[in-house]
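Please look through the structure below with its sequence beside it.

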Amino acid sequence: MSHALTHASVLKKLNSSQKGLSQQEAEARLKQYGFNEIKEAKKISPWEIFLRQFKSIVIWILVAATIISAFLAEYVDAIVILVIIVLIAVLGFIQEYRAEKSIEALKRLASLKATVLRDGKKAEIDAKDVVPGDIIFLETGDKVPADARLIDELNLKTQEAALTGESTPVKKHTAALKDSTILAERANMVYSSTIVVSGRARAVVTSTGMQTEIGRIATLIEEVKPEHTPLQKKMDSLGKWLGAITIAIALVVFFAGLIVHRASFLDMLLVSVSLAVAAIPEGLPAVVTISLALGTQRMLRRNALIRNLPSVETLGSTTVICTDKTGTLTVNEMTVKKIFANEKIIDVTGSGYDTKGEFLHRGKPHPTGEIELLLKIGALNNNAELREGSLIGDPTEGCLIVSAAKAGISKQSLESEYLRVDEIEFTSERKMMTTIHEHRTGKYAFVKGAPEVVLELCSNIHINGKVKKLTLNKKKEILSVNRKFADDALRVLGFAFKKLEKSHPEKDLTFVGLVGMIDPPREEVKVAIEKCKKAGIRVVMITGDNESTAKAVAREIGLGSRAIIGQHIDGMKNFDRAVEDIDIFARVNPEHKIKIVDALKKRGHVVAMTGDGVNDAPALKKADIGIAMGITGTDVSKEASAMVLTDDNFASIVNAVEEGRGTYDNIRKYFGFLISGNIGEVFIILLAIVLGLPLPLTATQILLINLVTDGLPALALSADPFEPNAMSRKPRRQDEPIYRNLRAFIVYYPIAMIVVALSVFSWFYFHKGNLLQAQTATFLTIGTFELYQAFSCRSTIYPSFKVGIFRNKYLVAAVACSFAIMAASIFIAPVGRYLDMVSISIFEFAAIVIISSVGSIVIEISKYLKNEA
């Protein structure tokens with residue numbers, strides 16, 4: 001490990017030197033190690049994405065139904081089913097076209113150019129030509145081209161949040177570290193694709209391309225295989241179940257006809273195959289796909305971009321949200337929260353780099369004049385710049401500029417008044433920084449640094465505009481406040497000044513105060529987490545930041561305090577069990593994140609993982625649903641995710657969960673609607689054959705029922721308003737069957753339909769002796785049963801009157817249209833002739849329409865009794 005060696009040892013190990021490599025040696029190493037770039041995985045072509053839509057067993061059952069229908073010369077049926085299959089594939093393809101681009105996004109992170117030492121001279125080369133052993137030069141604003149061990153540095157700080165989750169810039173040094181030092185604390189290393197926020201350095205490249213930390217994450221992403229969503233598993237299971245039941249019933253009918261009725265082999269083959277086609281709810285996959293597509297549109301309006309359709313439903317079954325801290329729960333912008341000056345603790349409102357905020361003492365506005373000196377020192381002893389809300393430089397210094405601006409103090413104006421003439425830079429050994437300024441009243445030294453270090457150099461204290469002797473008791477009081485701030489996970493700086501004459505600028509200073517800062521939680525997060533709790537969803541924080549900071553943020557947003565650091569995960573026994581009792585995972589690396597997600601999934605959880613950094617990408621892909629941040633998120637995290645929050649708002653996750661639950665509820669509505677009708681149709685035909693009756697429906701009538709009275713209302717139900725109180729229910733179990741609590745729909749209702757339909761068929765057949773009229777009456781009975789049931793399916797939980805029977809205008813239109821087609825096929829002779837229909841009397845028509853409401857009444861009574869229980 002390069003971080004555990006001195007830079008001289010690393011140079012020796014890499015066969016390099018302070019003079020860098022020769023051009024000849026660099027070219028040889030380029031052949032040995034390859035280009036410094038992320039290797040692309042095999043690209044998935046649009047054609048492969050299209051073919052991927054045909055993996056569902058239900059789709060293959062529909063393909064079989066198409067072939068069978070064509071074999072039976074039912075060409076209209078075959079064409080309709082084929083159109084449905086193509087519709088499903090096209091909708092899925094459109095939604096998933098942009099998937100599987102994680103490696104390409106990682107490649108875009110690479111630096112375009114790098115400054116290296118070749119043949120003893122500085123040279124600018126393409127970053128992809130950098131090799132291990134190269135000496136590289138880094139300046140403020142550079143993107144690090146490869147992983148490297150520092151040789152020397154001057155005030156070097158790098159922003160590594162996207163890689164490690166550390167919210168503040170990392171101060172670098174050149175000393176060797178322990179071999180066991182975790183990635184986030186390897187301060188003598190710089191890493192590919194991280195940003196230099198201040199200082200400069202010289203380093204020797206240790207790893208390039210896929211061997212860098214970024215490359216290792218790329219490998220992790222490649223190795224993570226996405227799993228089927230709960231809905232995909234349910235649909236595949238349903239497909240197997242439907243296939244088995246359909247084949248079994250068709251065989252029973254086939255052999256019953258041959259043995260009991262002595263029918264011909266060909267006749268019974270045609271009847272059995274027709275029955276098999278009738279048993280398949282060909283509209284179900286199409287309506288599910290349309291519903292999911294509508295769900296993605298609604299979610300986009302609520303700032304959640306869904307990248308593949310089944311993820312809509314997965315959100316609804318989420319039981320755990322694993323969330324990154326930096327940039328997800330927090331704003332990823334350091335903010336001054338507390339000031340100690342003039343023996344008072346002052347709270348500072350506002351968040352991030354917004355210059356709006358107040359100074360409060362015990363909840364009341366505090367005059368800024370009393371803290372003006374401290375704010376001025378913070379703005380002048382400062383190398384950062386704030387331009388139109390964007391920070392250039394160190395976030396710690398940036399928040400000092402913002403806090404001064406909240407008091408109406410402009411850094412730019414101050415700098416023209418206090419001209420900087422010298423600077424004693426910050427180092428990790430000194431732990432402080434001093435700037436010297438000329439003013440019309442004299443020359444001043446302004447100092448900021450670690451409170452205990454600054455205090456040691458102070459002999460006086462500034463209180464209410466007066467300079468007093470700094471006593472030992474006063475020092476103890478200041479250090480006590482410092483500890484209090486630190487316990488709240490605030491990063492604390494001390495501030496002092498001195499009017500210069502001839503003495504040293506860092507001796508006999510006058511102490512002014514303390515400033516405590518933190519990367520604060522987003523304002524809306526606390527409410528969002530409370531909603532998650534009410535919805536039965538557990539929120540877990542996973543961060544690369546330190547434990548105390550993570551706990552402080554957790555306290556503010558209402559998360560639990562049970563914490564563990566990443567190093568302890570590796571050696572923990574029974575981690576799969578312990579994961580249930582941990583609220584915060586701190587100092588974790590990418591492998592830990594995957595291990596946490598894995599452990600939760602083994603416990604039966606449906607896991608959503610949020611994040612915005614490169615370090616989040618493998619876990620985003622491993623989770624049941626990965627959620628990336630759209631504004632602050634890296635390309636890598638977005639492409640590895642299933643969903644992107646376009647407003648970076650944690651609260652949008654809760655909205656997305658609500659949409660997911662509502663979408664799944666709607667899928668259950670038309671599942672109950674379509675399956676119950678098909679069960680009824682199949683058993684009506686099956687029982688008729690077993691009882692020795694003629695077929696109660698013709699093949700054309702079966703097709704018309706499937707298309708008109710099943711298809712149109714089912715499509716309308718896909719746009720149905722959601723069930724009430726979706727977010728007050730606990731998440732459903734991942735293995736919960738889609739038909740759970742639908743007994744009224746798939747048992748009681750089909751029984752009522754079978755009894756009424758066979759009774760109507762028998763009365764017409766035996767009483768009037770007209771088979772086609774009996775079949776027409778049976779068609780009308782089943783059709784009107786279905787139309788009544790469509791209104792009952794507006795809710796699978798509550799009685800229809802509670803959710804509003806006619807609230808879905810599309811459903812009302814679909815039912816009216818279906819009823820008109822049925823009536824036309826019966827009473828308009830030219831239409832009926834092509835659809836195997838004959839007319840019946842108006843009285844018979846009205847009687848059937850009335851009696852067919854029985855099935856819907858049974859469902860409504862069942863729902864009412866269940867809600868009253």
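Of the 869 residues of the protein, 56% count as buried, where buried means under 20% relative accessible area, exposed means over 50%, and partly exposed is in between, using a 1.4 Å probe and protein chains only. This is a predicted model, in which local features need pLDDT of at least 70 and side-chain atom pairs count only at pLDDT 80 or more, while totals for chains, interfaces and linings use all residues. Residues are numbered from 1 along each chain as its sequence is written, and side-chain values use heavy atoms, with hydrogens and water left out.

The protein has 34 helices and 28 strands. Helices (H or I, at least four residues) and strands (E, at least two) are DSSP runs, numbered from the N terminus. Contact means heavy atoms within 4.5 Å. Among the contacts in the protein with a separation of 6 or more, 70% are between residues 24 or more positions apart.

Leu30 and Asp129 are 99 residues apart in sequence, but their C-alpha atoms are 6.9 Å apart in space. Neighbours within four places in sequence left aside, Leu30 is in contact with Phe35, Lys128, Asp129 and Val131.

Next comes the interior. A nonpolar core is a set of buried Ala, Val, Leu, Ile, Met, Phe, Trp, Tyr and Cys residues joined through side-chain atoms within 4.5 Å. Which residues have the most contacts inside the largest nonpolar core? They are Leu315, Met643 and Phe650, in a core of 121 residues. Helix H26 (residues 650–690) gives the largest share of this core, 18 residues. Phe650, leaving aside its neighbours within four places in sequence, is in contact with Ile321, Thr323, Thr328, Leu329, Val525, Ala528, Ile529 and Val539. Another core, of 28 residues, lies apart from the largest one and has Leu380, Ala404, Ile409 and Met517 among its members.

Now turn to helix packing. Two packed helices are described by the angle between their axes and the distance between the axes. Axes are lines fitted to C-alpha atoms, for helices over the stretch in contact, and angles run from 0 to 180 degrees between N-to-C directions. Helix H29 (residues 771–792) and helix H33 (residues 842–851) have axes that come within 8 Å and cross at roughly 40°. H29 and H33 are therefore oblique to each other, since angles under 35 degrees count as roughly parallel, over 145 as roughly antiparallel, 65 to 115 as roughly perpendicular and the rest as oblique. From H29, residues including Leu780 and Phe785 meet residues of H33, among them Phe845 and Ile848.

H29 also packs with helix H34 (residues 854–868), at an angle of about 25° and with the axes 7 Å apart. That makes H29 roughly parallel to H34. The contact is made by residues including Phe785 and Tyr788 of H29 and Ile859 and Lys863 of H34.

Two loop residues complete the tour. Asn342 is in the loop between strand S10 (335–341) and strand S11 (344–348), and has a positive phi of about 55° although it is not a glycine. Asn342 is buried, with a relative accessible area of 7%. Arg587, in the loop between strand S25 (584–586) and helix H23 (590–602), has a phi near 50°, also a positive value in a residue other than glycine. At 15% relative accessibility, Arg587 counts as buried.
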